[in-house]
Amino acid sequence: MTTSDTSVQTCCFHCGDNIVTEPLIADDKLFCCAGCKGVYQILAQNNLCSYYNYNSSPGEKKGHTEQHLEYLNDPGIFSKLVDYSDTKRTLITFYIPAIHCSSCLWLLEHLHKINSAVAHSRVDFLKKQVEITFDHNELPLKNLVEILISIGYEPLISLQDIVKDKSNLVNRDLILKIAVSGFCMGNVMLFSFPEYLGLSALEHQFQTLFGWLNLAFASVATFYCSRDFFVSAWGSLKNKVINLDTPLALIVAVLFIRSAYEIISGAGPGFSDTLIGLVFLLLMGRWVKQRTYNHISFNRDYRSYFPVAVTLLNEERVEVPVPINDLEIGARILVRNNEIVPADSILMKGEGCFDFSFVTGESQPQSKVLGEIIYAGGRQIGEAIEMEVVKPVSQSYLTRLWNNEAFKRSDQSKIKNFNDTIAQYFSVAVIAIALVSAGFWWYMGDTGKGWDAFSSVLIVACPCVLALSTPLTLSTVLGIFDRNDFYLKNTDVVEQLARIDTVVFDKTGTISCPETNNLTFSGELTLFEESLVSSVARNSSHPLSRQITKWLDGKDYLKADSYIEIPGKGISASFDPHEVLMGSRSFVSPESLSFSNASTVHVRIDGQYKGYFKINQKWRTSLKGLIVSLKVHYRLHVISGDHSDEKKDLMEVFPEYVPMLFNQSPQDKLEYVKRLQVDQNVVMMLGDGLNDAGALRQSDLGVAVTDNINNFTPGSDAILKGNAMGKMPQFISQARSAVLIIKCSFIIATIYNLIGVYFAVQGRLYPLTAAILMPMSTITIIILTNLANRYFAKKYKLR
C-alpha cells in the first residue's frame with residue numbers, strides 16, 4: 001500500500017472507528033489499535049475473514065484490560081456456570097453484550113474453525129447469548145473464554161447465573177435512551193418557547209443560538225436514541241425486505257435532515273421539537289410493549305412447562321407422586337424407563353443408562369455409575385433407578401428443553417404469524433402514500449405543506465400497533481391456558497389450535513383414567529413370582545404397568561439384571577436365573593387366550609405362561625361431555641394399541657360413525673396421522689406421550705395428556721393434565737377468539753390510520769400532533785386485547 005493510499009483510509013478496517021494516531025498495518029489494511037489488529041490476524045490465520053463480508057467494519061474496539069480468569073478452573077465455579085457436563089462434553093451459555101450484527105452471528109457460529117474442541121455453537125441474536133458445546137478435556141473453560149475475548153466477544157460472566165436470569169432483567173439500555181431523549185425533549189421545548197409565543201426583539205437575538213442548541217440535542221436523539229431503529233431498518237433492507245422499523249427510521253432521518261438544513265441555512269427553526277418528541281414517544285411505546293409482553297408471556301416459570309408430577313420415595317420408602325415444583329434438594333426420587341430426569345441428581349441405586357440427545361444432540365446412550373451426577377434432561381433407558389436431587393428444578397437445564405430447536409417442526413403446516421404476513425406490505429403502503437402526498441404538494445408549489453404531509457403520514461400510520469396485537473393477544477391466551485392446566489409450547493401453537501378440524505384420541509391413559517381402573521389377575525402366581533412381576537412393572541412408566549405395581553403393593557422389589565421395554569409390545573427382564581416377559585398376547589404367548597371385555601397384560605415366567613392381568617378401564621368422567629361438544633364441529637378418530645374387546649363400551653361414548661382402530665403399533669399410529677394429513681385434515685393428536693410419541697410429533701398439534709407421572713414429551717406441542725381434558729372445546733374456542741381479536745385489532749388500527757392519513761395528506765396534521773396521537777393506538781390495542789381475552793375467558797368459563 002502506498003503512502004497516498006494510507007492517507008485516504010481514515011477508518012479502522014476492523015471496528016470502523018476513525019484513526020486519530022499512527023495507524024497499524026497488516027495485510028495492507030489499517031487498524032486503530034493493537035487489539036483490532038490482533039483480532040484481524042486471528043481471523044486471518046483461521047481463514048475466517050468472511051466475517052468482514054457480511055458487514056463493513058463489524059467488529060468493536062478491543063480494549064487492553066487485564067483478564068484474571070483463573071477462577072474458571074475451579075471445579076465448584078465450573079459446575080455453577082455450565083448447563084451440562086459429562087466425561088467429555090460440556091455445554092455452556094454465555095451472555096455476550098458485543099453481539100450486534102450478522103457478522104457476529106456468523107463468526108460465533110464458526111468457533112469450531114478456531115479450535116476443533118468446539119463441537120457446536122449457536123447464537124440467540126435477540127438475547128445476545130451463545131450456546132457452546134465443547135470438549136473440556138482438550139479445551140478448558142478458561143481457554144474457551146480467552147478465545148472469545150481474543151476475537152472481541154468477551155462474555156459477561158457472573159456467578160449469579162446471569163445467563164439464565166438475563167431475560168428477566170429490565171432493559172437498561174432502553175431506559176437510558178428514554179431518559180436521554182426525555183432530557184433532550186425538555187430542553188428543546190424550553191429553547192423553543194420563544195418560537196411558540198412569538199419572538200420579541202430581545203429573544204430574537206438568541207434565535208440562532210437556540211437553533212444550534214436544539215440541533216445538538218436533535219443529533220443526540222437521532223444518532224444515539226434512535227440507533228436501534230436504523231440498525232433494524234438497515235438489516236431488513238440488506239435482506240431485501242421492509243420491516244416495521246423501516247418507516248420509523250425514515251421519518252427520524254427526514255426530520256433531522258430537514259431541521260439541520262433549516263437551522264444551518266437560517267431558513268427556519270427546524271423541527272427539533274417534533275423529532276425528539278417523536279423519538280421519546282416511540283421509545284416509550286417500545287418500553288410499554290416490552291413490559292406488557294414480558295408480564296403476560298414470560299412470567300411463566302418452569303412449573304408452566306412441567307405440570308406433571310414425579311415419583312418421590314418418602315422416609316418409609318413409599319412411592320408418592322408429588323408436583324414437580326415441590327421437589328426439594330435432597331429428595332429421593334424414582335425414575336422409570338423412558339422418563340426424563342427432572343432435576344440435576346446423583347444416581348443412588350440401579351444401573352443408569354441415559355439418552356442425552358435432548359441436551360447434546362447425540363443419541364448414543366451413556367452409562368452412569370453410582371454416585372455420579374446426572375444432569376436434568378437425560379432420559380433413562382432401562383430399569384427404574386433411584387436418585388437424590390442436588391439442584392432445584394428451576395435451575396436445571398430441563399427448563400430450556402421445551403423450546404429446544406431439535407424439536408421444532410420442519411414442515412410448513414403451521415400457520416404464519418398474522419403480522420408477519422402483512423407487515424412488509426403495510427410498511428410499503430405507508431411509505432408510498434407519504435411520498436405521493438409530498439409529491440403532490442411539492443407539485444402544487446407548497447414545499448412546507450409537502451414536508452408536513454410526508455412527515456405526518458409516516459408518523460400517524462406508525463406500524464407499532466401491528467407489532468403489538470398478535471404477541472399481546474396470544475400471550476394473554478397462554479396465561480389463561482396455564483391457569484387451566486393446559487400448557488402450550490409457544491404462542492404459535494395458539495393459532496394452530498384455532499385451525500384444527502380433526503381430533504385423534506389414543507385410548508389407554510388418554511381417554512381412560514388410570515387411577516380408577518379395576519384390575520384382576522386370571523391365573524396363579526406364587527409370592528416370589530408376584531415380586532418378580534412387581535419388580536418388572538415398577539421399572540415401566542406405562543399406565544398399565546403402574547396399575548399392576550399399585551395392585552401388587554407391598555411386594556419386595558428385586559434388582560433386574562437386564563431390562564428391555566419395547567413400545568407397543570411389552571417388557572423383557574431377567575433376574576438371574578429367572579426370565580420374565582410381560583405385555584401383549586402376541587409378545588408373551590401367542591397361543592394364550594383371554595376372553596374379556598378389557599385390556600390385558602400377559603405374563604410368562606421362565607418360559608411358562610402364568611396368566612394375565614385384566615384391566616377394566618374406566619373412562620374419564622368428562623369424556624362423554626367432551627365428545628358431545630366435539631362431534632358437532634370436528635372429525636373424531638380413536639386409535640389404540642390394545643385389542644378391540646372394549647369397542648362396544650367405546651361406542652356408547654363415541655358416535656357409531658367414528659373410526660376406531662385397535663392393535664396399532666406406534667408406527668401404525670404415526671402412519672394413520674400421515675394419511676389424515678394427506679387428505680387435507682388439520683390433525684390434533686391426544687396421547688399419553690409414551691407409545692404415541694411419533695404420532696404426537698407428526699400431527700399438526702400434538703397434545704401429551706398426563707395425570708401424575710413424568711411423561712414429559714419435548715416432541716409434543718402442549719401438555720394437558722388429565723383432569724382438564726373436558727375443557728378442550730373451551731380451549732379451542734378461546735384460541736379461535738384470539739385469532740378474531742387479532743383481526744379486529746388490525747381493522748381498528750387500519751381505521752385509525754385511514755382517519756389520520758386523511759388529515760395528514762392534506763397537510764392539516766402537524767408532525768408533533770401526529771407523534772402525540774400515534775401512541776393512542778398502542779394504548780388502545782393493549783386495553784382491547786386484555787379486555788377481549790378476559791371477556792372470552794369468562795364466557796368459556798376459563799378462570
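How much of the accessible surface of the protein belongs to carbon and sulfur atoms? Of about 35900 Å² in total, 56% belongs to these atoms. The legends below walk through a predicted model, beginning with the whole chain and then moving to single residues.

View 1. The chain has 799 residues, and 53% of them count as buried. Take the contacts between residues at least 6 apart in sequence: 67% of these join residues at least 24 apart.

**View 2. A cis peptide bond links D576 to P577.** Its omega angle is near 10°. To find the spot, look for the loop between β20 (570–575) and β21 (578–583), where P577 has its place.

**View 3. N663 shows a positive phi without being a glycine.** The angle is about 55°. N663 sits in the loop that runs between β25 (660–661) and α26 (666–678). Is N663 buried or exposed? With a relative accessible area of 53%, N663 is exposed, because the cut-off for that class is over 50%.

**View 4. Q680 is another residue other than glycine with a positive phi.** Here phi is near 70°.

Notes. Residues are numbered from 1 along each chain as its sequence is written. This is a predicted model: local features need pLDDT of at least 70, side-chain atom pairs count only at pLDDT 80 or more; totals for chains, interfaces and linings use all residues. Side-chain values use heavy atoms; hydrogens and water are left out. Buried means under 20% relative accessible area, exposed over 50%, partly exposed in between (1.4 Å probe, protein chains only). Contact means heavy atoms within 4.5 Å. Accessible areas come from the Shrake-Rupley method with a 1.4 Å probe; for residues, only the protein chains shown count as cover. Helices (H or I, at least four residues) and strands (E, at least two) are DSSP runs, numbered from the N terminus.
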